[in-house]
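Dear colleague,

Please find below the structure that I am handing over to you. My findings follow it.

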Amino acid sequence: MTGMFAISKAGHDKGQMYVIIREEGDFVYLADGRSRTTDSPKRKKKKHLQLVKTDLDEDLMEKIRNQSIIYNEEIKYAIKVRMKKGCQK
């Protein structure tokens, strides 16, 4: 799941798109690069997420696998590109 896009199905952030940056048991840690940065990711249960399986951001997945620094601007850009693709379909 790490590196995938996900949309919140429940809570005050319902409908918000995030990138999964870490997994721990039944929980994942999400970042959107704006309100939820890589320094303070949102902790959310997996059952409250809708995974977007059509697109993965390969650059982000590679950085996560290598435990490299991920910048918030990279996450914002990846989400922006994904949202643009969703609007064109």
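In which strand of the protein chain is confidence lowest, and in which is it highest? The mean pLDDT (the predictor's confidence in each residue, from 0 to 100) is lowest in strand β5 (residues 49-56), at 80, and highest in strand β4 (residues 42-45), at 97. Over the protein chain the mean is 89, with 94% of residues at 70 or more. Where pLDDT is low, the predicted coordinates should not be read in detail.

This is a predicted model, in which local features need pLDDT of at least 70 and side-chain atom pairs count only at pLDDT 80 or more, while totals for chains, interfaces and linings use all residues. Residues are numbered from 1 along each chain as its sequence is written, and side-chain values use heavy atoms, with hydrogens and water left out. Helices (H or I, at least four residues) and strands (E, at least two) are DSSP runs, numbered from the N terminus.

The nonpolar cores

A nonpolar core is a set of buried Ala, Val, Leu, Ile, Met, Phe, Trp, Tyr and Cys residues joined through side-chain atoms within 4.5 Å. Buried means under 20% relative accessible area, exposed over 50%, and partly exposed in between (1.4 Å probe, protein chains only). The largest such core has 13 residues, and Phe5, Val19, Ile21, Leu60, Ile75 and Ile79 have the most contacts inside it. Two or more of its residues come from each of β2 (17-24), β3 (27-31), α1 (58-65) and α2 (72-88). A second, separate core has six residues, among them Ala6, Tyr18, Leu30 and Leu49.

The loop between α1 and α2

Ile70 is located in this loop and counts as buried because its relative accessibility is 13%. Beyond four places in sequence, Ile70 is in contact (heavy atoms within 4.5 Å) with Thr38, Leu60, Lys63, Ile64 and Ile75. Although not a glycine, Gln67 has a positive phi of about 55 degrees.

A buried lysine

Lys42, in strand β4, is buried yet has no salt bridge (a side-chain nitrogen of Lys or Arg within 4 Å of a carboxyl oxygen of Asp or Glu). The nearest side chain of opposite charge, Asp13, is 4.3 Å away; here Lys and Arg count as positive and Asp and Glu as negative, while His and the chain ends are not counted. Contacts of Lys42 beyond four places in sequence include Tyr18, Leu30 and Arg36.

With kind regards
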